[in-house]
Amino acid sequence: MSSSQTQGRAPSLLGAVARFLWHVPRNILIIVLKLYRRVVSPIYGQVCRFFPSCSAYALEAVTVHGAVKGTWFSMRRVIRCHPWSAGGLDPVPSPAVVDWDDPSTVPLIVQLNHPVVFLAKQQETQSRKAA
């Protein structure tokens with residue numbers, strides 16, 4: 001292996017390690033939220049006044065926006081969720097840069113929280129493939 005090949009690998013390895021470390025807090029929050037949704041949420045049942053539920057909102061916010069911004073959106077939502085709230089449809093704000101033209105690249109929680117949008121896109125792409 002020549003020295004130019006090893007120099008080419010070092011930045012890509014460094015980049016991969018940096019990306020891994022950057023996403024560790026987000027991934028930890030995602031695991032905690034999924035555990036909550038699997039264990040605690042079924043005990044309460046369907047009591048949330050909003051759609052998506054607070055835990056689904058938090059999971060989508062952290063998945064799409066990252067740990068810091070997603071936690072901020074989630075905390076604002078939990079504060080709005082109280083017995084005197086009217087509730088209703090409350091989607092997670094869209095990220096500034098998003099390229100979800102292909103439904104297969106969209107995270108599952110986003111598809112579940114926005115069924116009208118992504119079912120239409122999914123049917124559209126399936127009909128194009130069939131034609």
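Q: Which residues of α4 are exposed on its other side?
A: Let's begin with the general idea. An α-helix has 3.6 residues a turn, so residues three or four places apart point the same way. In this predicted model, Val 68, Trp 72 and Ile 79 are the exposed residues on that other side of α4.

Q: And which residues of α4 are buried?
A: The buried ones are Ala 67, Gly 70, Phe 73, Ser 74 and Arg 77. Their arc around the axis is only 135°, so they lie on the same side of α4.

Q: What span should helix α4 have?
A: Helix α4 runs over residues 67–80, and at 1.5 Å a residue its 14 residues should span 20 Å. The C-alpha atoms at its ends are 20 Å apart, which agrees.

Q: Which residues form the largest nonpolar core?
A: In soluble globular proteins, nonpolar side chains tend to be buried together. Here the largest such core has 10 residues: Ile 30, Leu 33, Ala 56, Ala 58, Leu 59, Val 62, Val 64, Val 106, Ile 109 and Val 110. Two or more residues each come from α1 (3–39), α3 (54–65) and α5 (108–113). The largest share, five residues, is given by α3.

Q: What does Ala 56 touch, leaving aside residues up to four places away in sequence?
A: Ala 56 touches Arg 37, Ile 109 and Asn 113.

Q: How many helices and strands does the chain have?
A: There are six helices and two strands, in the order α-α-β-α-α-β-α-α along the sequence. Of the 131 residues in the chain, 26% are buried.

Notes. Residues numbered from 1 in each chain as written. Predicted model: local features only at pLDDT ≥ 70, side-chain atom pairs only at ≥ 80, totals over all residues. Heavy atoms only, no water. Helix = DSSP H or I, 4+ residues; strand = E, 2+ residues; numbered from the N terminus. Expected span 1.5 Å × (residues − 1). Buried < 20%, exposed > 50% of the residue type's maximum accessible area, 1.4 Å probe, protein only. Arc of directions from axis to C-beta. Core = buried A, V, L, I, M, F, W, Y, C linked by side-chain atoms within 4.5 Å. Contact = heavy atoms within 4.5 Å.
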